[in-house]
Amino acid sequence: MALTNDQNAVVEHRDENKLVLALPGSGKTHLSIELASEIIKANEINKLIMVTFTRSSTKETEHRISKLISENDLMRIDIRTFAKLILDHARPLLDGRSLIMGPTHDSFKRRAVGTDEKNLQFIDTQYPVEYLESNGDIGELSEISVKYLQALWQYKKVDLTTLSIELIFALRAKKIEPLDFTHMLVDEFQDTSAIEYAWIKENKKENRSFTVVGDDDQAIYSWRGGFGYKNMVKFQEEFKAKAFLLSICFRCAPEILAYAAELIDYNVERMPKSMNSAKDPGGRVVFKDYARLDIEKALKIDPERIHQYKKETVTNRIVPSGLSWHYRRAIENYLNLINQKVYANKPDKVIMSKTSVPFECQGVVALEIAQNPKGWAVLARTNKLLDLMQEELVYLDIPVERIGGKSIWESPLIVGLVSLYRSLSNPKSMVFIDDALSFIGVPNNVISETHKHVVEVGDINKVSSLSLPENKNLSIYLDLAKNIPSNDDEEGIDEFISKVFNIASVISKDHERAVNKLRLVSDRLQGYSGSLRMRVSALIRLMQMKDEIDHSDKDKVILATMNGSKGLQWEKVWVIDVEKNRVPTKFRGDSDNEDSKLAFLEEERRLLYVAITRAESLLHISYRQGKHSQFIEEMQPA
């Protein structure tokens, strides 16, 4: 495919620092491939680092470039994600520490700073910036940051964020050399964090060229450190970069792009840009405003019956038995409503007069999609709303494919139990003992003493409970560790797995859902053969597997959150529940901080912009009558 004039202009300035602003569907991947090819072909001494956002995009990029250049030339291109590049660069700094990521890191944070959500959110968002700005001076840090760092040092662990900041300090102090390259090309630059930007900056040298590609209007990851517009402005200033705009969208019909442009133009913190569609007119944007009576009629809800069920629910505080699907869904929602604190001590008559049975419109959307389900993608702001949509589609026997969302194997409960099995299966390893003890409720001070003692003796089986603080759950763990069956005792291993499961079930206080999750682990382990260590290793491999999903399967309705839809596209897109307190969601920050409120609202607007621009030719946007989001009015053409 030939390059556009916009794209050609970028390639012609291959050896200069560049900020490339790319509209949705503007061919930025195609441009990046062509630019990479030109850089490598231009001079045999050129070495290119390409920073991708995901592992799948790394594979795709490598595959596409391999078609344009020779195998020898391909060796001069290093294609990796930020995480992989920084981790490999920082390996000399690990110094025997265990790297903790994902669910294991989540568990460690809770042990280090407690379970208070504000503290956990601080570690995710404020601590990285604070530590980076301190330049390693611990005296400049807040108490919670110091507490977290001390826990990492004590247990000889490090997370990727902390390791990345240590790498930046080492680069500044000339203790580690910058990477070897002549050109760097960074994709999805709007999602780079302050740490990633600092790493790029510390790799800056004379006669090096940096190209960053992204779209500030699609910056939707501030919650995980993305600096969006701010990083783009900094890059232009600090790298003296020239700006280029890919102004032609090859994905969206002009009618769809027009609504998207109207919406995003309300944001203040953005780079102004013209938006043009390469497609001929003919796209459709349909706004679906569902009145309560329309929902009742479509779902065949009888108002008199629903009133009777409402009365029974208020009186008995349970959902009446024997209800059909949509009646039950409505009454379950109503029960959740009247169980709120505001109605706790109200008489039944007051509740009956002040409340009404709430109706969602996912059921109606599902019925409309059922008329011609092929090619649809349904997007929602949250997984909870997407769950409701999936249930309605499944009820109608419509095949669905769900994108994103956390795997069951990432549940903190499952991660904790697996850590327990891992530590028991390898008693000479110190790596998982702390997490195992934390999972079974051993206090932090006791974990610390135990860790020191285990390190001294080198084997958990040699630890004497007499030399450790007295703790019931610690004694349970030590008893388990000293009674692990031999490797060839298959029956004994199955019984041991059951014993650990029973102990964990007591810890989870017999909450049915929790016990079911724990049973999933024990059932898997008992389904394997071999020693306990072999079985645990097999389970770990299963947990680390990632399913490949066909995002373009037209025989299934694709379901995704707005965040999860990033980078994808479909012919027909239905964005559901664009309502007050849903899109945008409720602001949970400091209500007196106007800057925070504005930043929150602008990110929510960008999120809807991303959802809208996934659609190629048909876009439906739905909401309940009287509940529509302010964004609905904003996107209407003037």
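Predicted model: local features only at pLDDT ≥ 70, side-chain atom pairs only at ≥ 80, totals over all residues.
Six strands form an open sheet in the order β3-β2-β6-β7-β1-β8, and the pairing is parallel. At its edges stand β3 (77-81) and β8 (242-246), each of which pairs on one side only. From one strand to the next, the twist averages 15°. Strands of a sheet pair through backbone hydrogen bonds, either parallel or antiparallel.

Helix α11 (residues 228-238) lies across β1 (18-22), β7 (209-214) and β8. Relative to β1, α11 runs at about 150°.

The structure holds two cavities of 30 Å³ or more. The largest cavity contains about 100 Å³ of space. Its lining consists of Leu299, His326, Arg329, Ala330, Asn333, Pro358, Phe359, Glu360, Gln362, Gly363, Leu388 and Glu392. Helices α15 (325-338), α17 (362-370) and α18 (383-395) are the elements that each give two or more residues to this lining, and α15 has the largest share with four residues. By class, the lining of the largest cavity has five nonpolar, four polar and three charged residues. Because domain 3 (284-292 + 360-399 + 555-632) and domain 4 (304-353) both give residues to the lining, the largest cavity lies between these domains.

The second largest cavity contains about 30 Å³ of space. Thr4, Asp6, Gln7, Ser26, Leu246, Ser247, Ile248 and Phe250 form its lining. Three of the residues in this lining are nonpolar, four are polar and one is charged.

The last feature is an open one. The second largest pocket has a volume of about 360 Å³. It is lined by 18 residues, and those closest to its centre are Ser107, Arg110, Pro412, Ser438 and Phe439. Two or more lining residues come from each of α6 (102-113), α19 (412-425), α20 (433-439) and α23 (490-507). The lining of this pocket comprises seven nonpolar, seven polar and four charged residues. Domain 2 (98-155) and domain 5 (410-544) each give at least three residues to the lining of the second largest pocket.

Definitions and conventions
Residues numbered from 1 in each chain as written. Heavy atoms only, no water. 1 Å grid on protein atoms, 1.4 Å probe; cavity = no way out; pocket = protein on both sides within 12 Å on 5 of 7 lines; lining within 4 Å. Points joined across faces, edges and corners; volume = space filled by probe spheres on them. Nonpolar A, V, L, I, M, F, W, Y, C, P; charged D, E, K, R; others polar. Domains from an automatic or database assignment. Pairing = 2+ DSSP bridges. Axes fitted to C-alpha atoms, helices over the stretch in contact; angles between N-to-C directions. Contact = heavy atoms within 4.5 Å.
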